[in-house]
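Thank you all for making the time this morning.

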Amino acid sequence: MKRIGEWVPALVVFAVVIAAWEGAISAFHIQQFLLPRPSDIVKTFWTARHSLWPAGWYTFKEALGGFAIGSGLGIVFATLVGRFKNVGTAVMPIAIAANAVPIIAFAPIFGAWFGEVSPHSKMAIAAVLCFLPVMVNTLRGLQSASPRQIELMRSYAASELEIWRRVRVPTALPFVFTALKVASVLAMIGAIVGEYFGGAFNALGVLINNGAQIFDFVTAWAGILVASLLGLALYGAVAGAERLVVRWAPDMRDA
Amino acid sequence: MSVVEIKGVTKTFAQGNVTALEDIDLELEPGEFVSLIGPSGCGKSTLLRVIGDLTPPTSGSVTVNGKPARQARNDGDYGIVFQDAVLFDWRTVAKNIALPLEMLGWDRDRRKARVETMLDLVELRGFADHHPWQLSGGMQQRVSIARALAFEPALLLMDEPFGALDEMTRERLNLELLSIWEKLGSTVVFVTHSISEAVFLSTRVVVMSPRPGRIAGHVAIDLPFPRTVETREDPRFFELVTKVRELLRRRGEHLLPEEEELLEADR
Amino acid sequence: MLRRTATVAAAVLALAGFWELYRWVWTTANWGWPFHVDNTSMPHLWTIFEAFGQPTQVNQPALATILFHKSLFTGKEALVGFAIGALVGFAIGIVLAHSRLLQRGFLPYIVASQTVPILAIAPMVVVWVNPKLPGPLQGWGAVAVIASYLTFFPVTINTLRGLRSADPRALELMRTYAASRWTVLWKLRVPASLPYVFAALKLAATASVVGAIIGELPSGLQDGLGGAIINFNQYYSFEPQELWATNVVAALLGIVFFVCVVVAEKLVVRRAPENVA
C-alpha cells in the first residue's frame with residue numbers, strides 16, 4: 001500500500017526523537033524536573049487523569065464556546081457586510097489591522113468584564129480571537145466568486161439570492177473552512193492563555209502554569225499533552241466537516 | 001419570424017470613449033448557423049453579449065424570438081458557451097449540466113433523464129460523477145456545451161468556445177457541434193477568429209471590422225450538409241475561405257495590443 | 001494614499017464613537033448583559049488618554065514615557081524572535097523542499113504542531129532556557145525564543161508551499177539552460193516563493209509580538225509590556241485606564257510590526273499582487 005509507505009518516514013522520525021529524548025536524559029543526567037522523560041509524561045498523563053482530564057474538558061468547553069460564538073458571529077457579520085460591496089472593501093483594511101493586534105494581551109480586560117475566574121471571560125477572549133480570521137476569510141470568499149459564473153447565472157435570469165446561494169456561498173466555503181481550522185487552534189490557545197491571567201482552580205491553563213511555577217514539569221507537560229490532544233481533536237473535527245462539505249476539491253496534498 | 005433581430009445597435013464604453021459597435025443591423029432566421037468573425041476589438045463578443053442581454057446597448061433595439069432581449073433572457077430563450085468552460089467546481093459533471101434545469105424548476109426525474117441524453121450527445125457517458133478538475137480542457141468545453149443545450153434553447157450563443165483548445169480537439173468538436181446542431185435544429189451565433197472554422201461550421205459568415213465595430217459584409221456558405229472531414233478539402237471550401245479573408249483584409253485594420261486590452265477591460 | 005488615510009481616520013473615529021455610544025446606552029438603560037458597564041469596565045476614552053500624560057506614582061515619569069520604554073523592550077524581544085524564527089523557518093522550508101524523505105518525516109509534525117497550543121509551553125521555555133543564556137541575554141532571551149517559536153511555523157509551511165509554486169514551464173526552461181539546483185533555487189524558486197513567504201511573515205509579525213508579551217508573563221520580567229499588563233491588572237479596580245493605556249500601546253506595537261512587513265513586501269515583491277492566503 002502506497003499510503004502506509006508514505007507514513008514510514010514520519011514514524012521513524014517519531015521513534016528516533018522519542019528515543020533520543022529518553023537517551024539524552026540518561027546519558028547527560030539531565031535533571032528530571034527540567035526535562036521529563038516522554039515515558040514519565042505519558043505515565044503522569046494516566047496517573048493524574050482524575051485532575052488532568054476534567055481540567056482539559058473544562059478548558060475545552062471554554063474554547064468550544066468561544067469558537068462557536070466567535071466563528072458564528074464572524075460568518076454572520078461577513079455575510080451582512082458582503083451584501084454591500086463598498087462596505088466590504090471599507091471594512092477589509094480595518095479588519096486586517098485589527099488582526100495585527102495582539103488580542104491575547106487583552107485577556108485581563110476580559111477578566112475584568114466577565115469575571116476573572118469565570119469561564120465566560122475565556123470564552124470571550126477565544127471568541128474575539130476566532131472572530132477576525134473567520135470574518136476576513138468569509139468576506140474574501142464571498143467576494144471571490146468568478147464574474148463569468150455570475151454572468152452565466154444572469155443568462156439564466158437568476159435572482160441575486162440565487163446567485164448568492166449557488167455561486168457565492170460554494171465559492172466561499174473553502175475559505176470559510178480554512179479560517180475555521182485556524183480558529184479552532186486559536187480558540188484553544190485563547191482559553192489556556194486566558195487562564196494564565198486567572199482561572200478556575202481546576203482549569204488546564206492554571207494547572208500548566210502552576211506546574212511550571214513550582215517546577216513540577218512532568219505535570220505541566222502532561223497538561224500540554226492534554227491540551228494538544230484536545231486541540232488536535234477540535235482541528236480534526238473541523239477538517240472532517242470540511243471533507244464532508246467541500247467534497248469537490250482535489251485533495252490538498254500539503255498543509 | 002426571425003430568431004434574432006438587431007436594429008441600429010450602437011455600443012460605446014464610457015471609459016476610454018471607445019465605440020465598440022456602431023449602427024449594427026442583423027437578422028437571424030430560424031436554424032441558421034451564423035459566425036461572427038473579425039480581428040480582435042471589432043466588437044464581435046460585445047455583439048454576442050448584447051444579444052444575450054448581458055450588456056445593454058447604448059442605442060438601438062434587440063429582439064430575440066420576437067421579444068425584447070431582457071425578456072428573452074428572463075424566459076430562458078438562449079444557452080451560452082464562453083471561451084473557458086465556466087463550470088462550477090463544486091458540482092459534478094451531471095450537476096453542472098443540470099444547473100439551468102434546476103433554475104427552470106424541472107423535477108428530479110426529468111433532470112436526470114435529460115442529463116443522460118446530453119451526456120450521450122457530447123459523448124461523456126461515464127463521466128457524470130466526475131468533478132470538472134478531473135477532465136481535460138476539451139471535455140470541460142463539451143460539458144459546457146451540454147449545459148447550454150440541456151434545456152433545448154431556440155438560440156445558442158457561443159463566444160469563441162474552442163479558442164483555447166488545440167487544433168485537433170477543435171476540429172473534432174467542430175464536427176460534434178455540427179451533428180448536434182443538425183439534430184436539434186437550433187439557431188447558433190458563433191464568435192470566432194478562425195476563418196476556416198467559421199466557413200466550415202456556418203450557413204452564413206458575418207465579417208466585422210474594427211474601430212468602430214461594424215459589419216463589413218456577409219458571406220453565405222453554400223457547402224452541402226452533412227459536412228465531414230472531406231469538406232475541408234473541397235475546392236469550394238477554399239473559395240469561401242478566400243472570400244472571407246478578402247473581406248477581412250479590405251476592412252480590417254488591426255488594433256494595437258494595448259487598445260485590445262482596453263476593450264477587454266471594459267467588457 | 002490620502003484616501004487610505006482618510007478611511008483609517010474615519011474608522012478610528014467611528015470606533016471611538018461606538019465605544020462612547022455603547023457606554024452611554026448601557027449605562028443609561030442599566031443593562032447588565034453581556035457585562036456591567038461603568039467607569040471601571042469601560043473607562044471614558046478621554047480618561048484613557050489623560051492617563052498617558054500622568055505619572056502612575058509620584059516622582060515617576062508620565063505613563064506614556066514608561067510605556068514607550070516598555071514597548072521598546074518588548075519590541076526588541078519580538079524583533080529578535082521574529083528574525084531568528086523567520087530565518088530558521090525559511091532555511092527549514094528550503095531543506096524540506098529538496099527532500100521528499102525529510103518532508104514525509106517532518107512535515108506531519110510541523111503541520112500538527114500548528115494545531116497545538118504552542119503558547120501553553122511558554123512558562124516551560126522560560127524556566128528552561130533562561131539559566132542557559134549568557135548574562136546580557138538573561139531574561140529577555142528566553143522570551144525572544146518563544147517569539148521565534150511562533151514565527152517559525154507559518155514561515156516554514158509557506159516557504160515550502162511557495163518554493164513548490166514555481167511554474168513547471170519555468171522549471172523546464174531552467175533545465176534547458178542546464179541550471180544547477182542552486183541556480184534554480186535562487187533564480188526561480190525563491191522569487192516564486194516570496195509572496196507566500198510574506199503572507200507568512202505578516203502572520204508571524206503579529207505572532208512574535210504576542211509571543212513576546214505572553215512570554216514575559218511567567219518570566220517575571222518587569223521591563224516589558226507583558227509585565228506592565230500583569231502589574232496594572234492588579235490595580236484595575238482602582239485605575240482601569242492604566243491597563244487600557246497599556247493595551248492600546250500593545251495594539252499599536254502589533255500594528256507597527258505588521259505595517260513594517262507590509263512595507264517590506266511592497267519594496268521586495270514588485271509585481272502584480274497575487275492571491276495567496
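Predicted model: local features only at pLDDT ≥ 70, side-chain atom pairs only at ≥ 80, totals over all residues.

Let me turn to the contact between chains A and B, where 12 residues of chain A meet 15 residues of chain B. Here helix α7 of chain A, residues 147-155, gives the most to the side of chain A that touches chain B, namely 6 residues. By class, that side of chain A consists of 7 nonpolar, 2 polar and 3 charged residues. As for chains B and C, no contact joins them, and their closest C-alpha atoms lie 16 Å apart.

Staying with chain A for a moment, the chain is divided into domain 1, covering 1-30, and domain 2, covering 41-254. Taken over C-alpha atoms, the centres of domain 1 and domain 2 of chain A are separated by 31 Å.

Within chain A I would also like to pick out Ala172(A), which sits in helix α8 of chain A, residues 160-196. Is Ala172(A) buried or exposed? Ala172(A) counts as buried because 24 C-beta neighbours fall inside 10 Å, the cut-off for burial being 20 or more. Which residues does Ala172(A) touch once its neighbours within four places in sequence are left aside? Those contacts are with Thr138(A), Gly141(A) and Leu142(A). By contrast, Val218(A), which is 46 residues away along the chain, has its C-alpha atom 44 Å from that of Ala172(A).

Now to chain B, which has 9 helices and 10 strands. Along the principal axes, the C-alpha atoms of chain B fill a box of roughly 50 × 45 × 40 Å, and 43% of its 267 residues count as buried. If we take the contacts in chain B between residues at least 6 apart in sequence, 71% of them join residues that are at least 24 apart.

Chain B contains an open sheet of 6 strands, in the order β6-β7-β8-β3-β9-β10, with mixed pairing. At its edges are β6 (78-81) and β10 of chain B, each of which pairs on one side only, and neighbouring strands of the sheet are turned against each other by 15° on average, direction ignored. Lying across β6 and β7 (155-159) of chain B is helix α5 of that chain, residues 137-149, which runs at about 170° to β6(B).

Within this sheet I would draw your attention to β9 of chain B, residues 204-209, a strand that is mostly covered, with 5 of its 6 residues buried. How does β9(B) pair with β3 of chain B, residues 33-37, in the parallel or the antiparallel sense? The pairing is parallel, over 4 bridges, and within it Ser35(B) has Val205(B) in β9(B) as its bridge partner. With β10 of chain B, residues 214-220, on the other hand, β9(B) runs antiparallel, the two being joined by 6 bridges. One of the facing pairs here puts Arg204(B) opposite Ala220(B) in β10(B). β9(B) and β10(B) also form a hairpin with 4 residues between them, and Arg211(B) in the turn has a positive phi of about 50°.

Definitions and conventions
Residues numbered from 1 in each chain as written. Chains lettered and ligands numbered in written order. Buried ≥ 20, exposed ≤ 12 C-beta atoms within 10 Å, placed from the backbone. Contact = placed C-beta atoms within 7 Å. Nonpolar A, V, L, I, M, F, W, Y, C, P; charged D, E, K, R; others polar. Domains from an automatic or database assignment. Pairing = 2+ DSSP bridges. Axes fitted to C-alpha atoms, helices over the stretch in contact; angles between N-to-C directions.
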